[in-house]
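Hi,

Here is the structure I promised to pass on. Have a look at it first, and then read my notes below.

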Number of protein chains: 2
Amino acid sequence: MDGSHWLSMHPLVEKLTENGHDVVVVIPESSLTMEVNFHMKNIDHYTVRTYHGSYSKDFMQNLIKESIKHVFTHKTLLQNMKISYETIINTTNFVTSTCENLLKNETLIKDLETSNFDAMLSDPIFPCGEIIAEHLSIPSIFFLRRGAPFGMEQEASKSPSPPSYVPRIFTTYTDHMNLSQRVKNVLLSLFDFVFCHMLYSPYTRMASEFLKRDVTAVDLFSRASIWLLRYDFVFEFARPTMPNMVFIGGINCVNRKPLFQDFEKLVNSSGEHGFVVFSLGSMVSEIPMDKAMDIAEAFRSIPQTVIWRYTGKVPSNLGSNTHLVKWLPQNDLLAHPKARAFITHAGSHGIYEGICNAVPMVMLPLFGDQMDNAKRIESRGAGVTLNVLDMTPEDLINALDSVINKPSYKENIQRLSALHLDRPIHPLDLAVHWVEFVMRHKGAPHLRPAAHDLNWIQYHSLDVFAFLLAVLVTTFFISFKCCTYTCRRCCGRKSRPKSKSKKE
Amino acid sequence: MDGSHWLSMHPLVEKLTENGHDVVVVIPESSLTMEVNFHMKNIDHYTVRTYHGSYSKDFMQNLIKESIKHVFTHKTLLQNMKISYETIINTTNFVTSTCENLLKNETLIKDLETSNFDAMLSDPIFPCGEIIAEHLSIPSIFFLRRGAPFGMEQEASKSPSPPSYVPRIFTTYTDHMNLSQRVKNVLLSLFDFVFCHMLYSPYTRMASEFLKRDVTAVDLFSRASIWLLRYDFVFEFARPTMPNMVFIGGINCVNRKPLFQDFEKLVNSSGEHGFVVFSLGSMVSEIPMDKAMDIAEAFRSIPQTVIWRYTGKVPSNLGSNTHLVKWLPQNDLLAHPKARAFITHAGSHGIYEGICNAVPMVMLPLFGDQMDNAKRIESRGAGVTLNVLDMTPEDLINALDSVINKPSYKENIQRLSALHLDRPIHPLDLAVHWVEFVMRHKGAPHLRPAAHDLNWIQYHSLDVFAFLLAVLVTTFFISFKCCTYTCRRCCGRKSRPKSKSKKE
């Protein structure tokens, strides 16, 4: 995987190397985020094997910049749809050709073949790794945010997902939906299913070519021995799960270190009002100047110190309480007792860090599942969501005032935090256990539901219902025929004398 | 709860008292099994409150004796159905009147009201405890073998249970069923549902009377904060679960003590062939003499020492290698390296002890879910099932020879054992954690699915489909009307000139 998806897998890989396992990380030369490279290049506990990713670093950085520009621009519905479509096409082309390059890299593939691996750990959002795992005949452990991507859910994990109370991605619905929302949710389930099959069709082609036999994307998704899901029910809504799903939400909160000296100094000087942490995630460190000025304006008028991750041009109206930094130790800052609020883009990593450290949030969701995440935290009363496009400085001031000064927000996030942290085993240890379990036992076949061996008709017992219906109809038909025959005989006997008498 | 259901809850209650909790155990004066009393009376870590159970100890012992007599008697299908019906009526009357006595015991209820409990731990197979938990407004933890009893499953826990691969209780099917089995499984699901509602209707009445408002059995079953399920997927088949289900299969294997001196002497003297453990569970310690003679006959001709829990008259053909004992430390004996085979009635406790200690089994299922349990172990290749009514001494000798001398049985049970014991946390610690979790947080509402707030039609999105169908039909109807109207207009216009010309 790539981008921020690597961030939460990283502590697990680290821990596995600590436990004495040899880990080989396979990534393209140019990666989606700087962080990924940062994490990769500074650590030599594991082997990193790179391959030529078909796109240059400059191209990638431009791609990200363009996406961010779009996020901060007012658009009509038509423009929005056009951009969404282009983004999907671009992303699909980009990841598909990257995967193609990996599969065509004979030296690397030969190397992997001879390495005798025990298991493959991957985020299957794009199932390129799965093609190789299938080629190497090794069991897979999936490491991902939700269940299977989009509509693959039921097919890939066989985990039922009733649309009546399991809101679909990008809907921002909660688990309590009214009829109109449930109608949209059902329609989206159908759309998701079709969309997902289209999105993953290139993998069907690549897998079939590479493995020299027919393989579908669903085949790739359903070969997981264990699904390590960054999912915790204080944040996500309760829903059916499967025995091979392991919930490790909050795994990224593990990396706690003492604050660097400059940050320590900054937070200690924040006085009785404490400080606010502001970051829009690993991919967004610059925003348009007018938006930056609005935000700086808001920060000027609050009594808290603000630590803002921002690499763009300094806004001219920046207050003396606002400190711009190129990078910040987010989890360590949020863990500080003087942290009063967390302004976040509502990426799942940030949300979990907010929950772990019980810091109420002001959320400025930008793209992807961030709107859903924000809605979930808002529905729990632990944060306020703002529309980054429309918000005024006053909106931001009011939102910060609410989460900092209204006790309900702090109480709610503390309640969520207490529930989240009250677990029998730390998510990192749990993840390590299950990776090692798969390595020790060459998979976890006893956790794989037999539903994988049924087709769609059998799974839903449609053949059974058809059979029962046929029996019912046949019984009814025979009974009806018997009745009419008997009636006719009876009536016939009665009526015969009449006809006789007529003849007579 | 009562009978053997208490046996596996006992270590949990013990552990809770060790952790400093005050536990009050409420039981009827006469209990279904001697073991229950044995466990109760010898331990004073917790308070035991008894109430008059409306049936005497003699009545109970007779009830058990009668049931066992039936098990060992050849019967026609009609007789079988008659006895099953009588057993259900007797058991229902017995447990209902016991519950009624508890609810009418004003002194005890007043005492419970003033005790300020944090939580209620109960086996909801008969949901009397739940009526009191509801009365006391305290959260519940269910401790049970499977999910909700019979057809209550989906309603009570909202855990989907597709009949296409989740075999129903008493079917002895595996998770791979052919069409005919799936038809029966679907029909049984429907029957279970109706049967279960009938079986629990007395509780609806009692709960409504006691709580002075309308309460259904499903209401009682669905109030569980946590379901502690004695369920492990090396033994049970993988199927959908819910976030508030915690799997603690094998919790009863925890109580391991050094062998008493006489048993130690016995097993050490068993020589190179080792020994066989034979018990038909806590409720069956006597069997008819002809059956006992058959079994003794088989044991005479095997080279192993046999330790047989048996309190009946000594069979005259008892071999010198067979030792009859009134009670045996089953788990400790199975843990001994010289244990070669375990002859069991396939109760779930025994099965888990067989798995924990990797001892292959010969199973003689008698009643209840024991046929299902035996089928599961047999389908895993870790044991042989015999029909206790029809088996000859040769059958038993052959079965023992297979499980002891064919390597596959030992290999399979060792594989199951390795998978079962490879867990991140011991089931007892897991159970304690979740009981204390419920006590600390006054329940676990975040793990409760929103499906509980939907009715049957909403849950299955039937209203959504009806709405979509209505929209579709209306659209089709309007389109059709528009088309016919347009056609008529067009044809009308075309035909008018014709008629004009005709007129002309």
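**What I found**

The residues lining the second largest cavity divide into 6 nonpolar, 3 polar and 3 charged. For these classes, Ala, Val, Leu, Ile, Met, Phe, Trp, Tyr, Cys and Pro count as nonpolar, Asp, Glu, Lys and Arg as charged, and the others, Gly among them, as polar. This cavity holds about 60 Å³ of space. Its lining has 12 residues, and B:Glu153, B:Leu229, B:Tyr231, B:Arg239 and B:Met245 lie nearest its centre.

Before going on, some ground rules. This is a predicted model, in which local features need pLDDT of at least 70 and side-chain atom pairs count only at pLDDT 80 or more, while totals for chains, interfaces and linings use all residues. Residues are numbered from 1 along each chain as its sequence is written, chains are lettered from A and ligands numbered from 1 in the order in which they are written, and side-chain values use heavy atoms, with hydrogens and water left out.

**The cavities**

A cavity here is a set of points, on a 1 Å grid over the protein atoms alone, where a 1.4 Å probe fits but cannot get out; lining residues have an atom within 4 Å of a point. Grid points are joined across faces, edges and corners, and a volume is the space filled by probe spheres set on the points. How many cavities of 30 Å³ or more does the structure hold? There are 4.

The largest cavity has a volume of about 1,100 Å³. It is lined by 48 residues, and the closest to its centre are A:Phe247, A:Leu430, B:Met245, B:Phe247 and B:Leu430. The elements that give two or more residues to this lining are β6, α17 (407–421) and α18 (427–441) of chain A, together with β6, α17 (407–421) and α18 (427–441) of chain B. Helices (H or I, at least four residues) and strands (E, at least two) are DSSP runs, numbered from the N terminus. By class, the lining of the largest cavity has 34 nonpolar, 8 polar and 6 charged residues.

**Where the chains meet**

About 4,000 Å² is buried between the two chains, and carbon and sulfur atoms give 70% of that. Buried area is the accessible area (1.4 Å probe) that two parts lose on being put together, summed over both. On the chain A side, A:Asp422, A:Pro424 and A:His446 supply 14% of the area that chain A buries against chain B, more than any other three residues.

**The disulfides**

A search of the whole structure finds 4 disulfides over all chains, a disulfide being a pair of cysteine sulfur atoms within 2.5 Å. One of them joins A:Cys253 to A:Cys356, S to S 2.2 Å. The torsion about their S-S bond is about 100 degrees, so this disulfide is right-handed. A:Cys253 sits in the loop between β6 (245–247) and α11 (261–268) of chain A, and A:Cys356 in helix α14 (residues 348–356), 103 residues apart. Both A:Cys253 and A:Cys356 are buried (under 20% relative accessible area, with exposed over 50% and partly exposed in between; 1.4 Å probe, protein chains only).

In chain B, a disulfide joins B:Cys253 to B:Cys356, S to S 2.2 Å, and with 95 degrees about the S-S bond it is right-handed. B:Cys253 and B:Cys356 are both buried.

B:Cys99 and B:Cys128 also form a disulfide, with their sulfur atoms 2.0 Å apart. B:Cys99 lies in helix α4 (residues 77–104) and B:Cys128 in helix α6 (residues 128–136) of chain B, so the pair ties together parts that are 29 residues apart in sequence. Both B:Cys99 and B:Cys128 are buried.

B:Cys483 counts as partly exposed, at 47% relative accessibility.

**One last spot**

Find A:Lys313 in the loop between β8 (305–309) and β9 (322–325) of chain A. At 68% relative accessibility, A:Lys313 counts as exposed.

Cheers

Note on methods
On a 1 Å grid over the protein atoms alone, a cavity is a set of points where a 1.4 Å probe fits but cannot get out, and a pocket is an open set with protein on both sides within 12 Å along at least five of seven lines; lining residues have an atom within 4 Å of a point.
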